[in-house]
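Try each task before reading its solution.

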Amino acid sequence: MSRLVPCLRSRLLHIDLGLLRVSLAAGPCRGTASCGGTTDLSMEELLSRSVPPLPPYETKEKAPPPLELRSAEFMRYYRGLAGPSRAELLTLLARDFGVDHGRVAEFSAKVLQAREQQRELGALLQAEDRLRYYLNPRYRGLFQHLGRLEGGLRFLVELRGDLVEGLASKAVDGPHVKEMSGVLKNMLSEWFSTGFLNLERVTWQSPCEVLQKISDSEAVHPVRNWVDMKRRVGSYRRCYFFSHCAIPGEPLIVLHVALTSDISSSIQAIVKEVEPLEAEDADKITTAIFYSISLTQQGLQGVELGTYLIKRVVKELQKELPQIKTFSTLSPIPGFTKWLVGLLSSQTKELEKNELFTESERQELSQITGDRTTETLKKLLNNNEWVRSEKLVNTLHLPLMRLCAWYLYGEKHRGYALNPVANFHLQNGSMLWRINWMADTSPRGIAAACGMMVNYRYFLEDTASNSAAYLGTKAIKASEQVLSLVSQFQQNSKL
């Protein structure tokens with residue numbers, strides 16, 4: 001209980017700081033001493049001062065570095081802007097300080113000319129190097145200099161977060177902005193490579209601020225209270241995160257692990273049903289279940305962190321508990337219910353002629369719902385009411401299992417698994433192991449995937465070959481259970 005006091009104080013401090021940030025974000029402090037007077041500048045003037053020019057190719061190694069004051073000025077100015085003004089500034093930066101298209105066209109022609117004239121290899125390589133140089137947008141220089149400032153890397157992550165959020169909400173749009181977001185993502189991928197990352201374990205003795213951030217960032221199975229949080233970092237549980245050497249102690253991506261005696265088929269047993277805390281018995285631990293992985297920084301979206309985190313945690317667990325031989329996930333299936341409702345909409349409106357169910361299943365559904373159309377079933381799936389009927393749950397068990405198997409195994413985007421969680425674990429070399437019925441009975445779990453969850457199993461000796469097969473030939477390694485359900489779907493459904 002004594003730990004709750006500093007945690008509550010931390011929460012109040014967190015709220016106070018949040019209010020302070022809101023007040024600062026309400027608008028630029030034009031002409032005030034705290035902003036150094038920089039917000040008296042127009043956006044165009046600020047960008048012209050802050051973005052370094054691209055020097056001629058011949059003097060690229062000798063170009064004078066920009067003043068640190070200009071980069072710091074940009075940071076202060078940007079943080080003093082409200083949301084719409086930030087979007088305007090980002091749009092100007094992307095549009096007016098990108099690639100010099102004239103130079104690119106000029107040196108593209110010279111590369112083609114060198115190839116056509118079959119000039120010596122050195123001349124062709126130099127022409128290509130010049131072209132590569134002028135393909136760098138000017139704003140890249142600003143990002144490089146910001147990354148060298150104290151606190152600059154954190155700022156760039158925040159700025160990329162604004163780009164990601166703005167593109168998603170259409171607050172910022174257009175090819176220039178998308179390109180700038182991609183350029184910054186690639187730069188962050190280099191700066192956040194594994195050599196700069198530290199693996200840290202979270203325990204109940206960790207700083208309260210870290211526990212709060214872990215709790216706030218949990219995106220898969222929300223933390224209910226401090227008792228729940230204490231359980232997730234207690235016995236038979238592990239929680240790890242990556243931090244960066246330039247941002248120490250700040251969780252970037254978090255992985256939760258349950259230590260069990262077999263592959264879990266229900267999330268309730270892991271995070272919902274609170275068991276009494278007890279000392280770990282190593283003899284009971286043979287399996288590690290990865291049940292949640294959450295990115296805490298939106299600006300690092302698309303940066304490869306999750307794969308490396310899982311690999312590092314596997315090594316850490318093998319070192320601590322060498323008796324663990326089985327590694328598996330218990331993963332959500334986001335998007336399944338939405339896909340299924342869309343599929344029902346595309347099928348005939350008459351349930352008796354719907355090709356997703358067998359004749360006997362259609363008859364049972366009609367008897368239970370009292371309706372021969374798919375509209376009633378769609379409404380039930382959309383509002384979670386169907387789980388209140390034991391008959392409906394039993395009737396939908398097999399058809400939804402085979403539909404889910406097809407969704408994970410057969411539905412593709414550019415040849416790869418449509419489901420993003422499946423695509424992530426399959427890229428890492430896991431096997432599509434087992435689909436679990438009523439594995440997440442929370443309202444969120446029912447709404448997202450009709451209560452189903454899936455195990456992706458990591459056979460460590462096969463992960464490299466599985467990953468190569470999936471990335472190279474788009475082949476999905478799946479268990480007999482999954483393949484049997486897929487076969488049933490193909491026999492009973494016509495898509």
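**Exercise 1. Find which residues N492 is in contact with, leaving aside its neighbours within four places in sequence, and work out whether N492 is buried, partly exposed or exposed.**

Solution. Keep in mind that you're looking at a predicted model.

Step 1: Locate the residue. N492 sits in helix α21, which covers residues 480–492.

Step 2: List the contacts. Once the neighbours within four places are set aside, N492 is in contact with E355, F357, T358 and R402.

Step 3: A polar atom of the N492 side chain lies 2.9 Å from the backbone oxygen of Q488.

Step 4: Compare sequence with space. P399 is 93 residues away from N492 in sequence, yet their C-alpha atoms are 9.2 Å apart.

Step 5: Buried needs under 20% and exposed needs over 50%. N492 has 30% relative accessibility, so it counts as partly exposed.

**Exercise 2. Work out which strands pair with β4, and in which sense.**

Solution. 

Step 1: Take the β3 side. Strand β3 (residues 253–260) pairs with β4 in the antiparallel sense, over eight bridges. For a landmark, find T260, which stands opposite T287 in β4.

Step 2: Take the β5 side. β4 and strand β5 (residues 326–329) run parallel and are joined by four bridges. Here, A288 has F327 in β5 as its bridge partner.

Step 3: Follow the connection. Together, β4, helix α13 (residues 306–320) and β5 make a β-α-β unit, and it's right-handed.

Step 4: Ask how enclosed β4 is. The strand spans residues 287–295, and seven of its nine residues are buried, so the rest of the structure largely encloses it.

**Exercise 3. Classify the ring pairs F74–F155 and F336–W339.**

Solution. 

Step 1: Start with the tally. The model has 16 aromatic pairs.

Step 2: Classify F74–F155. Planes over 60 degrees apart count as edge-to-face. The F74 and F155 planes stand at 85°, with ring centres 6.2 Å apart, so this pair is edge-to-face.

Step 3: F74 belongs to helix α3 (residues 68–79) and F155 to helix α8 (residues 152–169); the two are 81 residues apart, and the pair links distant parts of the chain. F74 is buried at 0% relative accessibility, and F155 is buried at 1%.

Step 4: Now classify F336–W339. The ring centres are 5.9 Å apart and the planes are at 35°, so the pair is tilted. Both residues are buried. They're three residues apart in helix α14 (residues 336–346), which means about one helical turn separates them.

Step 5: Finish with a cluster. Y57, F107, Y133 and Y134 are linked into one by ring pairs.

**Exercise 4. Find which charged residues lie over the faces of W433 and Y416.**

Solution. 

Step 1: Go to W433. R457 lies over its face, 4.7 Å from the ring centre.

Step 2: Go to Y416. K474 lies over the face of this ring, at 5.2 Å from the centre.

**Exercise 5. Decide whether D440 is buried or exposed, and name its side-chain polar partner.**

Solution. 

Step 1: Locate D440. This residue lies in the loop between β8 (431–436) and α19 (443–449).

Step 2: D440 counts as buried, because its relative accessibility is 8%.

Step 3: Name the partner. The side chains of D440 and S442 are joined by a polar contact of 2.8 Å.

Step 4: Not counting residues up to four places away in sequence, D440 touches H221, I267, Q268, G445, I446, G451 and M453.

Conventions:
Residues are numbered from 1 along each chain as its sequence is written. This is a predicted model: local features need pLDDT of at least 70, side-chain atom pairs count only at pLDDT 80 or more; totals for chains, interfaces and linings use all residues. Side-chain values use heavy atoms; hydrogens and water are left out. Buried means under 20% relative accessible area, exposed over 50%, partly exposed in between (1.4 Å probe, protein chains only). Contact means heavy atoms within 4.5 Å. A polar contact is a pair of N or O atoms within 3.5 Å; within protein, one must be able to donate a hydrogen and the other to accept it, and residues adjacent in sequence count only if both atoms are side-chain atoms. Two strands pair if DSSP finds at least two bridges between them. A crossover is right-handed if, with the strands pointing away from the viewer, the path from the first strand over the helix to the second runs clockwise. Rings of Phe, Tyr and Trp (its six-membered ring) pair if their centres lie within 6.5 Å; planes under 30 degrees apart count as stacked, over 60 as edge-to-face and the rest as tilted. A charge sits over a ring if NZ of Lys or CZ of Arg is within 6 Å of the ring centre and within 35 degrees of the ring normal.
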